[in-house]
Amino acid sequence: MGRMKKQFAVIGLGRFGGAICRTLSEQGAEVLAIDSDEDRVNEFSTIATHAVIADSTDENVLKSLGLRNFDHVIVAIGDDIQASILTTLILKEMGVPRVTAKAQNDYHEKVLRKIGADHVIHPERDMGARLAHNITSTNVLDYLELSDEHSILEVVSGQKMHGKSLVDLDVRAKFGVNIVAIKKGSSINVSPRADQIVEEGDILIVIGADVDIDRFKNQLLEE
Ligand code: ATP
C-alpha cells in the first residue's frame, strides 16, 4: 500500500538485460540489477539502484534479496537455458506477479510459458519480424506484436481512404480492425471520432488480429 514507485529487478546483465536496466534507471525506476559475474555487476553499480552479485538459480538467494516483493522481474539470461528456466520457475513459485523472460529458441520459449512466465521475448526473432513487416509494405512505418496473433501497426493512409470518414471506411465491420489514433502532421488524434476524415499523408495507428490487419492492408493500403 502506498508505495509510489514500481520495483523492478533485472537478472542477467548482458547486452539485452543491460539495456533494460539502463533504460529503466534513466526513466527513474527503482532497479535491482543481478548477475553472477562480478565485473558485470560493478559496471551497473552506479547505474541501477542496487547491483548485487548472485546466482539466481539459488532459491535462498532470491528469497533473501526479497524478490517476492518486486512488481516485475526480467530474466535476461540467454545462453544458460537451464539457469533461465530454473530462475523463472523459482520467481513464479515465490509469487512474483510479473516475470518477463528472454528466450533463446522456440523450445525455450515453450518451456518458459509452461512454467508461468507472463511475457516471453525472443529479441532476434521479434526484431526480424518487425523489420520484415516494415520493409515489405511501403505504407507500414512500424509494427508491434501484441501476441502471437495480434499486432499494432503504424501505417500511412492509402489512396483509397483519402477524403473518406471513419464511418465511410467502416474498417471495424469490414475487416475487424480498429483505428485507434490518427496523426496529422505534428498533432495526434487519439480515439478519433467517426466523422473524422482521412487525408493524404495521415498516419493511422491500427490494432487488430494479424489476419484482419492483412486483409485491411491488402484492400485499403496497397495500390
Ligand atoms: P546478451 O545476448 O544479452 O548480450 P550475453 O551473451 O552477454 O547476453 P548471456 O549468456 O545471455 O550473456 O547471459 C546474460 C548474463 O546473465 C551474463 O552476464 C551472465 O553472467 C548472467 N547469468 C547467467 N547465468 C546466471 C545466473 N545463474 N545467475 C545470475 N546471472 C547469470
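What covers the buried residues of helix 9? The cover includes helix 6 (123–136), strand 7 (140–145), strand 8 (150–156), helix 8 (171–175) and strand 13 (203–209). Helices here are DSSP runs of H or I with at least four residues, strands are runs of E with at least two, and both are numbered from the N terminus.

Before we go on: this is a predicted model, where local features need pLDDT of at least 70, side-chain atom pairs count only at pLDDT 80 or more, and totals for chains, interfaces and linings use all residues. Residues are numbered from 1 along each chain as its sequence is written, and side-chain values use heavy atoms, with hydrogens and water left out.

Back to helix 9 (residues 210–221): its buried residues are Asp212, Ile213, Phe216, Lys217, Leu220 and Leu221. They sit on the same side of helix 9 because they cover an arc of only 140 degrees around the axis, judged by the directions from the helix axis to the C-beta atoms. Turn to the face pointing away from that buried side, and you'll find the exposed residues Val211 and Asn218. (Buried means under 20% relative accessible area, exposed over 50%, partly exposed in between, with a 1.4 Å probe and protein chains only.)

Now look at the loop between strand 3 (50–53) and helix 3 (59–64), where you'll spot Ser56. Ser56 is buried, with a relative accessible area of 4%. Leaving aside neighbours within four places in sequence, Ser56 is in contact (heavy atoms within 4.5 Å) with Ile11, Leu62, Ile77, Thr87 and Ile90.
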